[in-house]
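Visitor: I have not looked at this structure before, and I would like to learn how to read its features one at a time. Could you take me through a few of them?

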Amino acid sequence: MTSSLMTVDQLLTVDRRSFVKTAAMAAATAMASRDARGYALPLLEQAPSSLAWNKAPCRFCGTGCHVMVGTENGRVVAIQGDQKAEVNKGLLCVKGYHVGLAMYGKDRLTTPMLRRNGAMVPISWDEAIETIAARIAANPQGFSFYGSGQWTIPEGYAANKFVKAGLGTNLIDANPRLCMSSAVTGFLSTFGVDEPPGVYDDLDQCDVAIMWGNNMAEMHPVLFSRLVDRRARGEKVTIIDMTTRRTRTSELADHVLYFQPHGDLAIANGIAHLIIKLNGVDSDFVKRHCNFRQLGAAVDANTAPDMLGVPMTFEEFAKAVEPYTPEKVEELSGVPAEKIRLLGELFARRDLRINSLWCMGFNQHTRGTAINCIVHGIHLLSGHFGKPGDAATSLTGQPSACGTAREVGTLCHLLPGGLAVANPEHRAHAEDHWNLAAGSISAKIGYHAIEMFKRFNTPTDQGGDVTTIWVQVTNPGHTLPNLERNFLRKKDLADKFLIVSDVYPTATTSLADLILPSAMWVEKNGMYGNSERRTQQWFKMVEPPGEARDDAWQTIAVSKALFDRGAGMKDKDGTWIFHTQGRDEQAIPIWDWAHYYDINVDERLFDEYRQFSRHKHKDLAPYAEYVKSRGLRWPVVQQPDGAWRETRWRFSGFDDPYVDKGKDFQFYHSVTKDDKALVWFRPHEHPPERPDAEYPFWLCTGRVLEHWHSGTMTRRIPQLHRAMPKAYVELHRDDAAAIGVLSGDMVTVASRRGAVDLAAWIGGRGDPQKGHVFVPFFDETQFINMVTLDAYDPYSKQPDYKKCAVSVRRKV
Amino acid sequence: MAMHRWNRAARPALWITLMGAGAAAAFASVDRAAPQAPAVSTPLRWRLNTPAALIVPESKALPAAVADKFGARARSVEARAQLRAYEGAPPVIPHATVDMNVQTCRACHAQGLTAGDKVARMASHTYLQNCTQCHVEADGLASLAAPGDPPKPINTFVGFRAGGHGGTRAWTGAPPVMPHTTFMRTNCISCHGEFGYDGWRPDHLSRSNCVQCHAPAAEFDQLAPTFGKADLPDGLSVPLP
């Protein structure tokens with residue numbers, strides 16, 4: 001058997017022993033899809049055991065490792081790295097190895113609950129659905145949906161259609177606003193279309209890997225070890241760690257460059273300066289494939305210049321980066337001039353393949369769009385683009401920030417497939433796909449995350465026009481910056497209504513008015529899309545506990561309740577927007593939980609959604625192809641022989657089928673509509689809040705290996721919790737000595753917005769620079785987001801969790 | 001998949017490395033939970049786990065024939081399972097570590113060593129560089145522990161446990177098959193060698209080319225999950241008369 005998967009035909013020819021074993025497997029997958037269509041449900045290799053193994057992407061980070069989930073008697077009992085997966089080749093990280101435990105914390109939410117007279121009382125699902133429908137119907141313009149990069153693709157698509165087609169507003173946004181939006185605006189500004197042109201294969205091929213302010217060893221460990229394990233094979237790969245503090249990544253780097261906040265802007269410009277000075281410009285590439293841009297003048301002090309900018313010539317660009325000499329960059333960033341020269345020399349060399357990598361350091365940045373643009377720019381300028389190993393790669397933190405929020409467009413200004421609300425042609429496409437009357441989709445952009453929660457936390461009679469929020473699969477009560485202003489004020493606003501679909505009690509459910517218990521990961525069918533454009537699929541393997549139900553079902557059920565009330569949710573023919581029928585053209589009552597798994601709703605939603613993906617050449621294959629594979633990277637294009645071929649390097653003629661024949665590169669969504677990418681000039685600017693006499697330290701926040709985001713899953717996994725039981729504050733030794741603090745002492749970290757008490761950890765896992773402190777944000781008993789600043793990038797609206805001014809005092 | 005052959009001449013260098021601070025710190029912390037050291041300072045007996053130790057004459061081979069062989073095997077399975085959430089999970093680290101430097105892991109686990117009654121097994125997959133990606137401390141942040149700390153979570157997950165034996169042998173007396181694949185288990189002596197688990201130690205340690213005779217069970221696909229319920233049809237897992 002050469003294929004890893006057995007078709008029904010092959011099943012019938014194997015010997016009896018194997019058949020008996022695989023029959024158990026068939027029963028498990030049959031549960032996930034009882035569709036009578038009968039296409040071959042692929043069954044995966046059976047190890048000799050009573051365990052049933054099935055594939056799924058990991059629940060945690062944006063790497064998108066594939067795991068094998070071992071289930072027995074309706075429970076997950078083991079996890080293995082999937083050796084057949086290209087992403088991780090059988091390896092996982094400590095979180096992935098323990099992902100099977102994430103569902104079994106003792107306090108799983110198992111029944112819907114409504115707040116009555118201050119207490120949460122259990123209610124039925126019918127009452128819950130009716131309550132939500134009544135609330136929305138009473139004021140649809142006051143309703144906002146807040147979703148997540150952990151939404152599966154079908155979940156996000158259902159919510160997006162619910163709001164944009166069903167209610168005719170754009171009042172939906174998602175937590176990638178807090179995590180990736182600057183990467184999006186960076187890609188859009190440069191290439192005219194979102195998401196990386198490169199793939200993880202670039203890690204295997206590069207000569208130099210540059211970490212631009214990301215702690216890859218802890219945050220994308222499987223990708224990091226993919227890089228460093230090349231050394232065990234005798235390959236030479238130079239790792240440069242650009243960082244504000246020493247981390248585990250620094251330990252395995254060849255060069256560590258410590259920089260000051262916003263120094264990245266100066267460094268990138270310094271590299272551009274040197275590329276030009278050292279004759280490292282790939283003139284041919286630039287002439288044929290690049291235009292130059294800069295921002296125009298601001299309209300007024302409160303409005304940023306238009307994101308499209310104004311043209312500039314190469315000469316003007318060279319003049320603009322002229323001041324960024326190595327010495328000037330050292331002054332602005334703190335990185336020694338000789339190291340800047342090293343970087344410039346590396347980029348000027350054409351024989352080296354350079355892979356730049358970044359994550360939150362670039363995106364949670366008040367100039368996030370700018371820094372993303374500049375680093376794309378230096379790769380384009382020097383020709384380090386579009387060949388295996390030459391790439392500027394944005395890594396994502398969530399398992400489906402790409403697959404769901406970005407690609408499905410679950411943001412207040414987007415439509416599925418990378419289409420934009422602001423574009424009348426795009427709205428027309430969506431109306432066409434959704435069978436809506438012309439003009440049904442609102443042209444008015446909705447509220448981005450911070451704006452949504454700000455209005456929710458403002459009295460209704462003072463402009464707080466967001467009165468109901470439905471949160472699914474995320475924890476804004478923990479992860480929004482400046483929590484007092486953006487979340488906690490809701491407590492005193494009696495007319496606001498917060499609905500939360502989640503799996504465990506969280507900081508968000510603590511202020512919820514209605515809690516809906518949800519199915520998690522392999523308790524439902526799902527699909528995710530990772531950082532390298534790989535869409536991955538899984539089947540339901542175990543039942544959710546108690547009355548927990550799929551998030552997509554919840555959305556669909558409320559949609560039906562609203563439709564029945566005559567409150568929208570219909571297309572131009574008056575048909576319910578989630579109407580689903582079998583081959584006999586009879587409607588299938590998917591709003592009724594008892595029938596939700598009569599068919600594979602995921603497949604129906606996905607195959608409807610994928611029509612959108614053609615417009616911007618983000619082609620998705622049919623659902624069945626993802627079932628058979630360990631994910632496929634879009635654009636996935638069908639070949640003459642019927643096979644579906646994924647694309648690795650976009651815009652490169654040798655691999656991207658949408659590049660015209662004969663061209664080496666083609667940026668076919670070019671902003672300037674001439675197949676060229678944009679190289680941007682953006683100046684260095686200082687952060688909005690800098691240390692001063694009262695608040696003399698820089699605060700940076702971030703993550704640790706063991707915990708994923710707000711820790712609602714990982715802190716319920718004993719091995720992970722015990723390895724990292726609580727948050728702390730990292731201090732430089734000299735700073736600690738100056739304030740009389742030893743490792744283990746309690747200190748108070750305070751900003752203009754709030755304060756948190758934390759144990760000091762000196763000489764631990766990270767070593768900040770003098771004048772800097774670092775606090776991980778996973779601990780819900782110590783909310784560092786009470787302290788953080790909610791200033792955001794003017795284009796992406798993404799807040800900056802990486803730098804604000806704090807005081808640090810020993811707690812007496 | 002032959003075992004590594006170490007250059008005998010390299011041994012002195014390794015001894016010197018281990019004498020360094022890394023090893024001293026590491027084995028001091030290994031014994032964190034041990035009873036009080038005796039008042040008189042006696043040097044801890046410790047030695048490096050080298051394959052040279054395996055090359056012993058038959059007459060002096062370690063008595064691996066433990067009286068209750070199958071009981072010992074079961075106890076080894078249990079001992080091994082203590083540090084793992086389920087069979088196949090990476091073991092947690094039962095001692096404090098130097099958080100940022102994977103080279104300190106290698107000081108003891110690159111080849112393995114014993115210190116007093118503690119054993120640092122040779123890593124079964126030394127080709128992977130980023131140890132702390134998968135292995136985390138059993139009790140982390142111990143130096144910051146304080147009375148008000150968050151409580152440990154209650155989790156009802158029950159992990160799969162291997163039986164520790166199984167797989168179909170070709171015929172009575174054929175070499176037993178591995179009830180596991182070799183993915184991430186390419187160093188046999190890690191678990192089966194002199195400083196491996198008691199119940200799994202073969203009676204022929206003088207033979208150092210394990211995979212010459214032993215292969216993973218035929219029921220396995222080397223690319224699929226590495227184990228199953230280990231009590232497979234194997235009429236030979238009962239003691240021979």
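Visitor: Which residues of the largest nonpolar core touch the most other members?

Guide: In this predicted model, a nonpolar core is a set of buried residues joined through side-chain atoms within 4.5 Å. Of the 66 residues in the largest one, A:Phe145, A:Phe162, A:Trp434 and A:Leu514 touch the most other members. Several elements of chain A each supply at least two residues of this core, among them α4 (125-138), β8 (143-147) and α23 (551-564), while the largest share, eight residues, comes from α5(A). A second, separate core of 64 residues includes A:Met242 and A:Ala677.

Visitor: What does A:Phe162 touch?

Guide: Leaving aside residues up to four places away in sequence, A:Phe162 touches residues including A:Phe143, A:Phe145, A:Val558, A:Leu562 and A:Phe578.

Visitor: Is helix α6 of chain A largely enclosed or left open?

Guide: In α6 (residues 181-191) of chain A, 10 of the 11 residues are buried, so the helix is largely enclosed by the rest of the structure. The cover over these buried residues includes α17 (368-381), α18 (401-409) and β28 (677-681) of chain A. Just after α6(A), A:Gly192 takes a positive phi of about 80°.

Visitor: In which order do the strands of the open sheet of three strands stand?

Guide: The order is β23-β24-β25 in chain A, with antiparallel pairing. Because β23 (526-529) and β25 (632-633) of chain A each have a single partner strand, one side of each is left without a neighbour in the sheet. Two bridges join β24 (residues 534-538) of chain A to β25(A), and A:Arg534 stands opposite A:Arg633 in β25(A).

Note on methods:
Residues are numbered from 1 along each chain as its sequence is written. Chains are lettered from A and ligands numbered from 1 in the order in which they are written. This is a predicted model: local features need pLDDT of at least 70, side-chain atom pairs count only at pLDDT 80 or more; totals for chains, interfaces and linings use all residues. Side-chain values use heavy atoms; hydrogens and water are left out. Buried means under 20% relative accessible area, exposed over 50%, partly exposed in between (1.4 Å probe, protein chains only). Helices (H or I, at least four residues) and strands (E, at least two) are DSSP runs, numbered from the N terminus. Contact means heavy atoms within 4.5 Å. Two strands pair if DSSP finds at least two bridges between them.
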